[in-house]
Amino acid sequence: METMEYKNITEFILLGLFSNEDAKATCSVIFSLCYLAILSGNLAVLLTIKGSHLGEQPMYFFLSYLSFMDICFTSTVAPKLIIDLLVQWKTISFSGCMSQMFYAHFFGATEIFILVAMAYDRYVAICRPLHYMVIMSRQVCYILVIASVIGAFAHSLMQVLIIIQLPFCGPNQIDHYFCDVFPLLKLACMDTRLLKIIIVTTTGVLSILTFVALVISYIIILFTLRTHSSEGRHKALSTCGSHITVVFMFFLPLIFTYVPMADSVSDDKVFALFYTMIAPLFNPLIYTLRNTDMKNAMRKVWGPKKLFEKN
């Protein structure tokens, strides 16, 4: 191929979140603590669901996979980010860069599809309660998870195939803290405007449509709740409120990243921090602090804890 003649770059340099040398050591400690909290929090949720009766319920079945995806998604980005804050030369090989991009998109896209499955589960539970156990059987739950994985794999593979065939002849400095599509397109030695349109059309528009569909589904759910009893309405609002919070925390930064309003990578880095670190950090808190079933299951699995005692 003709483009391969120009691809003489074998590694990239990640410029990171910022260039302030004095703050890097402090930020490394902060991000290390955040990463440990993400691992411990999501593992606690995952093990609680697996070790209790909650795993039999579709909502918690999906939540366990969401927690697993949070761990995997953050682990593709956070360790490299933390190490790069401490070292002087922040290099990553071409193959390592492609791998990081593939896995980041794979776990992130799987998480998006699981959030859609969770919204569908809540819709069926509240709008069609008499048919809930038939519609949301364990077989259907597994099919939805497998479909999420297949869809995420296809999406990630497409991103890598777009980037891997581009010529990179220098410079090799990626203005980001991990390898992603738009920062790499800026380094390509060719006109990438058409590719940017394709990526915005596929990833960006798909994110917007998914977000809008999720919001509409929750509006329908909230409208349906008016006919429920006070106790049922309170419980449903508690679980739906958690889902809605997570959806907004994950999707809004994602949309701002993949539907660029201006040619600003520095803003993309801040938005990316939300869905790679902040959302996975708060997800376990969002799904446990307002969820009586989860708090009761944690008491049984982990023993009595003052943290989960009622005020």
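## Helices, disulfides and salt bridges in a predicted chain

At 1.5 Å a residue, the 18 residues of helix α2 (residues 58-75) should span 26 Å, and the end C-alpha atoms of α2 do lie 26 Å apart, which agrees. The expected span of a helix is taken as 1.5 Å times one less than its number of residues, while helices (H or I, at least four residues) and strands (E, at least two) are DSSP runs numbered from the N terminus. The model is predicted, so local features need pLDDT of at least 70 and side-chain atom pairs count only at pLDDT 80 or more, whereas totals for chains, interfaces and linings use all residues. Residues are numbered from 1 along each chain as its sequence is written, and side-chain values use heavy atoms, with hydrogens and water left out.

Helix α2 is mostly covered, with 15 of its 18 residues buried; here buried means under 20% relative accessible area, exposed means over 50%, and partly exposed is in between (1.4 Å probe, protein chains only).

Helix α1 (residues 21-50) has 30 residues and reaches 43 Å from its first C-alpha to its last, close to the 44 Å expected at 1.5 Å a residue. This helix bends by about 25° at Cys 27, the bend at a residue being the angle between axes fitted to the seven residues ending there and the seven starting there. Cys 27 is itself buried, with a relative accessible area of 17%, whereas Cys 34, at 21%, counts as partly exposed. The buried residues of α1 include Phe 31, Tyr 35, Ile 38, Asn 42, Val 45 and Ile 49. In general, an α-helix has 3.6 residues a turn, so residues three or four places apart point the same way.

The UniProt record, in an unreviewed entry, lists several spans as "transmembrane region", among them residues 29-49, 61-82 and 270-289; UniProt positions are given in the numbering used here, feature names are shortened, and annotations may be inferred rather than shown by experiment. Over residues 61-82 the chain is 91% helix and 0% strand, with the end C-alpha atoms 31 Å apart. Residues 270-289 are 100% helix and 0% strand, and their end C-alpha atoms lie 27 Å apart.

Two disulfides are counted, a disulfide being a pair of cysteine sulfur atoms within 2.5 Å. With bonded cysteines counted along the chain, the disulfides follow the pattern 1-3, 2-4.

Cys 97 lies in helix α4 (residues 94-127) and Cys 179 in the loop between β3 (173-174) and α7 (181-185), so the pair ties together parts that are 82 residues apart in sequence. The torsion about this S-S bond is about -120°, so the disulfide is left-handed, and both Cys 97 and Cys 179 are buried.

The sulfur atoms of the disulfide between Cys 169 and Cys 189 are 1.8 Å apart. This pair links distant parts of the chain, with Cys 169 in the loop between α6 (138-164) and β3 and Cys 189 in the loop between α7 and α8 (193-224), 20 residues apart. The torsion about the S-S bond of Cys 169 and Cys 189 is about -125°, so this disulfide is left-handed. Cys 169 is partly exposed at 38% relative accessible area, and Cys 189 is partly exposed at 31%.

In general, side chains of opposite charge can pair when their charged atoms come close. A search of the whole structure finds four salt bridges, a salt bridge being a side-chain nitrogen of Lys or Arg within 4 Å of a carboxyl oxygen of Asp or Glu. The table gives some of them.

| Salt bridge | N to O distance |
|---|---|
| Lys 80 and Asp 84 | 3.4 Å |
| Asp 121 and Arg 122 | 2.9 Å |
| Lys 269 and Asp 175 | 2.9 Å |

Lys 269 lies in helix α10 (residues 265-289) and Asp 175 in the loop between β3 and α7, so this pair ties together parts that are 94 residues apart in sequence. Lys 269 is buried, with a relative accessible area of 7%, whereas Asp 175 is partly exposed at 32%.

Being four residues apart in helix α3 (residues 78-84), Lys 80 and Asp 84 are separated by about one helical turn. Lys 80 counts as partly exposed at 21% relative accessibility, while Asp 84 is buried at 7%. As for the remaining pair in the table, Asp 121 is buried at 0% relative accessibility, and Arg 122 is buried at 11%.
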